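Here are some friendly notes to read alongside the model. Please keep the 3D view open and look up each residue as you reach it.

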Amino acid sequence: MDDVELAKRLAAGDHGAVDLLVDAHHASIFRFLRQLTRHVDDAEDLAQQTLMRALKGADRFDGRAGLRPWLLGIAFREFTKWRRKKLWLPLTIDRPNPGDDYERLLEADALLDALSRLPEGVRAAFLMHYVEGLSLREVGESLAIPEGTVKSRLHTARTQLSSMLEEEVPYAANPCKP
Amino acid sequence: MPQIPVNLNSAIETLKEEMPSEEARARASQALSTRRPRASWIPRLALVGGAIGVAMAIILWPRPTLGSPWSVAALQTANVPASHRIERSATGETLMEIWQEGGKMAMTAHDPKTRRVILLMRRNDKQHLSYFNFYPPRPKDRNPNATPAATKGRNDGRSRPYDAANFDLVKTLLDDKNVKVLDQRNVTTPEGERTYYKLRSTLAGHTLDVYAEPQTGRIRKIVSVPNGTIATIEYPATIDPAVFDVNVALASDAVTYDIDEETAQARRTLAAGLGSKGGVTLRLAAMDSSGSLWVLWTGATPEGNLSKPFKVTGVKLGKAYGLPALTTSWKKARVSLPAPGIGVRLGGMARPVLTKAPKTLDISIPTPSGYVLFRQIAYQRINLIYDLSEPMGWSKPDTGHAVRR
């Protein structure tokens with residue numbers, strides 16, 4: 001079933017279509033939001049809100065970009081609303097737990113730490129393109145920006161991340177592990 | 001402690017692998033299903049009728065007979081005054097044990113490979129929950145001062161407690177509002193007559209074989225079909241109060257760090273200091289469970305590149321590392337505040353201690369003009385430096401939330 005057909009069935013109240021929506025897209029939406037918010041609980045709440053908004057607005061999906069970019073765009077808007085409500089950035093971001101892949105997780109966490117210092121739009125473009133695998137055009141559709149702006153944001157992200165992650169060398173991003 | 005080189009591509013690959021829990025996915029599905037537009041009023045009436053039917057069954061027939069609906073069995077099991085549940089692997093190892101009586105709870109989870117306790121929770125009242133996490137050392141750790149660490153502390157109820165549903169097959173099943181009954185019949189088992197249900201649980205993510213008492217409806221056994229895990233439940237009349245005792249000695253080969261006590265001691269030490277000399281006040285010396293020594297002081301903030309690290313006489317140290325918040329680069333840190341009780345920012349860093357450390361150390365603190373020596377400093381043992389976030393000024397008391405610079 002293609003995205004337009006799925007959206008039509010969602011708008012029509014097809015119960016099976018809702019299950020398909022969750023099965024196909026919940027993981028991606030959650031991952032994107034978790035990496036933006038740095039907190040599992042908030043990401044879960046926002047992912048639910050995103051899907052509910054999508055369900056409500058399914059009749060407005062026009063298929064120009066795929067369903068995933070559309071959903072990630074909704075997710076990003078939910079994130080920015082959530083972010084504006086927060087007075088302070090919470091320190092209790094979820095940190096990796098000790099385990100077999102602890103070093104890999106710390107490395108990824110260091111990247112998220114560095115990303116969190118970038119503007120939200122740059123961060124979103126980076127996660128959408130490099131982690132979620134959206135094309136430049138899809139990122140642009142998702143964030144409602146021209147493709148050229150997407151390229152510029154990605155270039156900014158990579159430049160600043162390279163610099164920040166190099167500067168992190170004297171410091172451990174998360175020095176504590178068993 | 002080795003520094004972590006960050007390879008951007010490798011880090012991105014790790015981020016791609018992140019997935020939500022099955023529980024989260026099921027909650028999302030459930031949330032959407034309660035908001036689905038209904039095509040007609042007929043299904044709505046059927047639902048209302050069904051709900052009334054179940055309610056009447058419960059009111060009029062509190063002791064269901066053979067072949068009770070699954071919903072009644074779930075209700076009877078969820079509302080028992082006391083229960084004892086054990087979850088075992090397909091090969092018989094105990095994975096988890098839970099005792100519950102009213103608001104009290106005692107849960108112990110075991111690593112099936114090593115058999116040791118990896119998580120323990122006790123709730124004696126409705127507000128406090130003590131926990132115990134065990135972190136085994138990784139084979140690569142060679143630091144002679146590293147210890148297998150276990151932590152214990154109290155959850156004040158405002159933070160999210162450890163989710164027992166990660167271990168608890170029974171709770172997962174009872175919490176699932178989307179269970180589908182694939183089969184139901186009366187069976188005879190070695191344990192006696194039972195009502196058997198074959199269920200598909202979205203929260204558990206697979207099929208379960210459930211056996212309940214026909215007379216009371218209470219669940220006695222759940223078998224997870226894909227992996228063979230078996231949960232058994234008994235219903236004692238009373239439970240020995242000692243079962244819920246929070247003072248449990250475990251993991252004799254691990255150092256147990258009491259997070260609450262660590263934090264309180266650090267708060268006292270930071271405020272009082274460990275000595276002052278040459279304009280520098282030594283505030284804290286703490287060895288973490290990985291064998292790194294954290295030294296914090298006020299009066300001479302270290303350079304951001306840690307070009308002049310602290311020294312310890314007679315002990316081999318590794319390369320200094322730390323956090324920008326503790327250096328002249330504090331503006332780069334997301335959070336950096338004066339430490340409460342002191343009123344100024346802390347400076348400092350960590351260094352791995354590569355030879356066995358004595359109980360007291362002679363520590364030399366770097367200053368712009370040289371070093372200041374502090375002799376015979378007794379260091380505190382901690383689990384992680386992040387345990388001390390609040391007394392160090394990285395988070396608000398009791399909330400864990402950062403305060404903006």
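1. Let us begin with a term: a salt bridge is a side-chain nitrogen of Lys or Arg within 4 Å of a carboxyl oxygen of Asp or Glu. This is a predicted model, in which local features need pLDDT of at least 70, side-chain atom pairs count only at pLDDT 80 or more, and totals for chains, interfaces and linings use all residues. Residues are numbered from 1 along each chain as its sequence is written, chains are lettered from A and ligands numbered from 1 in the order in which they are written, and side-chain values use heavy atoms, leaving out hydrogens and water.

2. What does chain A consist of? It has eight helices and zero strands, so read the terms this way: helices (H or I, at least four residues) and strands (E, at least two) are DSSP runs, numbered from the N terminus.

3. How much of chain A is buried? The share is 55% of its 178 residues; buried means under 20% relative accessible area, exposed over 50%, and partly exposed in between (1.4 Å probe, protein chains only). Chain A exposes about 7500 Å², with carbon and sulfur atoms supplying 49% of that area; the areas come from the Shrake-Rupley method with a 1.4 Å probe, and for residues only the protein chains shown count as cover.

4. Contacts (heavy atoms within 4.5 Å) are worth a look too. In chain A, 66% of the contacts with a separation of 6 or more are between residues 24 or more positions apart.

5. Back to salt bridges: the whole structure has 19 of them over all chains. One joins the side chains of Asp109(A) and Arg38(A), at 3.1 Å from N to O. Asp109(A) sits in helix α5 (residues 102-115), and Arg38(A) in the loop between α2 (15-37) and α3 (40-56), so this pair links distant parts of the chain, 71 residues apart. Asp109(A) is buried at 4% relative accessibility, and Arg38(A) is also buried, at 4%.

6. Now turn to chain B, where the side chains of Arg218(B) and Glu213(B) meet in a salt bridge of 3.0 Å, N to O. Arg218(B) is partly exposed at 25%, while Glu213(B) is buried at 12%.

7. Another bridge pairs Asp362(B) with Arg375(B), whose closest N and O atoms are 3.8 Å apart. Because Asp362(B) lies in strand β18 (residues 360-367) and Arg375(B) in strand β19 (residues 370-378), the pair ties together parts 13 residues apart in sequence. Asp362(B) is buried at 19%, whereas Arg375(B) is exposed at 57%.
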